[in-house]
Amino acid sequence: MGLVTGIWIAVLGMLGGSSFVISKRPDAKELIDQLAPYQGWIGAVSALWGGWTVINQVLFRMSWMTEFPVQWWTMTANGAILLLLGLLLGVGVLKSFSSSKEANEKLDETVEKLSPYQVTLGLVGMGLGVWTILQNFLL
């Protein structure tokens, strides 16, 4: 599962930090353009997956914090990045799930607060994705 999570987070990070990635590697624009039509769904799935991961870590795996601290922190960080980048990239799809005007307004407020950090979260996501893949082989 670590490989899938690591690859997913690296791709999510690449979408989140796409402006930075393209400025450094113009050849990456082709790949990003291929993923862009699915960005909303990738984001929505990531937000739900990340929310569940954070809740799961806090409610059911707190003992891992002392037994397997590197894995616990990595999984918790993965959940947080999935949630935050997922909200940023999947806001349109997530809003389509709710008919509540208040919920959609709250989602818009949250995304507005997170927007200035999108590229930073994307870069962190790419790094965390690579770390998650490496951790799968090292630990």
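Colleague: Of the contacts between residues at least 6 apart in sequence, what share join residues at least 24 apart?
Modeller: In this protein, 75% of them do. Keep in mind that this is a predicted model.

Colleague: Which helix holds G2?
Modeller: G2 lies in helix α1.

Colleague: OK, step back. How many helices and strands are there?
Modeller: Eight helices and zero strands. From the N terminus on, the order reads α-α-α-α-α-α-α-α.

Colleague: What about overall size?
Modeller: The C-alpha atoms fill a box of roughly 40 × 40 × 25 Å along the principal axes. The radius of gyration is 15 Å. A compact globule of 139 residues would have one near 14 Å, so the two agree.

Colleague: And how much of the protein is buried?
Modeller: Of the 139 residues, 37% count as buried. The protein exposes about 8,100 Å², and carbon and sulfur atoms supply 68% of that.

Colleague: Back to α1. How far does it reach?
Modeller: α1 has 15 residues and spans 20 Å from its first C-alpha to its last. That is close to the 21 Å expected at 1.5 Å a residue.

Colleague: Which of its residues are buried?
Modeller: In α1, the buried ones are T5, G6, I9, L12, G13, M14, L15 and G16.

Colleague: What covers them?
Modeller: The cover for the buried residues of α1 includes α2, α3, α4, α6 and α8.

Colleague: Tell me about α8, then. How many residues does it have?
Modeller: α8 has 21 residues. Its first and last C-alpha atoms are 29 Å apart, close to the 30 Å expected at 1.5 Å a residue.

Colleague: Which residues are buried in α8?
Modeller: L121, G122, G125, M126, L128, G129, T132 and Q135. The buried residues of α8 pack against α1, α2 and α6. T132 has come up already, as a contact of G2.

Colleague: Which element gives the most?
Modeller: α8 does, with five residues.

Colleague: Where does L139 sit?
Modeller: L139 is in the segment after α8.

Colleague: Is L139 buried or exposed?
Modeller: L139 is exposed. Its relative accessible area is 55%, and the cut-off for exposed is over 50%.

Colleague: And G51, buried or exposed?
Modeller: G51 is buried. Its relative accessible area is 15%, and buried means under 20%. G51 is found in helix α4, residues 39–60. From G51 to L89 is 38 residues in sequence and 15 Å in space, C-alpha to C-alpha.

Colleague: Switching to charges. How many salt bridges are there?
Modeller: The structure holds three. In general, side chains of opposite charge can pair when their charged atoms come close.

Colleague: Which residue pairs with R25?
Modeller: R25 pairs with D27, and the closest N and O atoms are 2.8 Å apart.

Colleague: What about D33?
Modeller: D33 forms a salt bridge with K29, where the closest N and O atoms are 3.0 Å apart.

Colleague: Why are D33 and K29 about one helical turn apart?
Modeller: Because they are four residues apart in helix α3. An α-helix has 3.6 residues a turn, so residues three or four places apart point the same way.

Colleague: How accessible are those two?
Modeller: D33 is partly exposed at 42% relative accessibility. K29 is partly exposed too, at 40%.

Colleague: And the remaining bridge?
Modeller: D108 pairs with K95, with the closest N and O atoms 3.0 Å apart. This pair links distant parts of the chain: D108 is in helix α7 and K95 in helix α6, 13 residues apart.

Colleague: How accessible are D108 and K95?
Modeller: D108 counts as partly exposed at 33%. K95 is partly exposed as well, with a relative accessible area of 27%.

Technical notes: Residues numbered from 1 in each chain as written. Predicted model: local features only at pLDDT ≥ 70, side-chain atom pairs only at ≥ 80, totals over all residues. Heavy atoms only, no water. Helix = DSSP H or I, 4+ residues; strand = E, 2+ residues; numbered from the N terminus. Buried < 20%, exposed > 50% of the residue type's maximum accessible area, 1.4 Å probe, protein only. Expected span 1.5 Å × (residues − 1). Contact = heavy atoms within 4.5 Å. Rg over C-alpha atoms; globule rule 2.2 N^0.38 Å. Areas by Shrake-Rupley, 256 points an atom, 1.4 Å probe, with all protein chains shown as cover. Salt bridge = Lys/Arg side-chain N within 4 Å of Asp/Glu carboxyl O.
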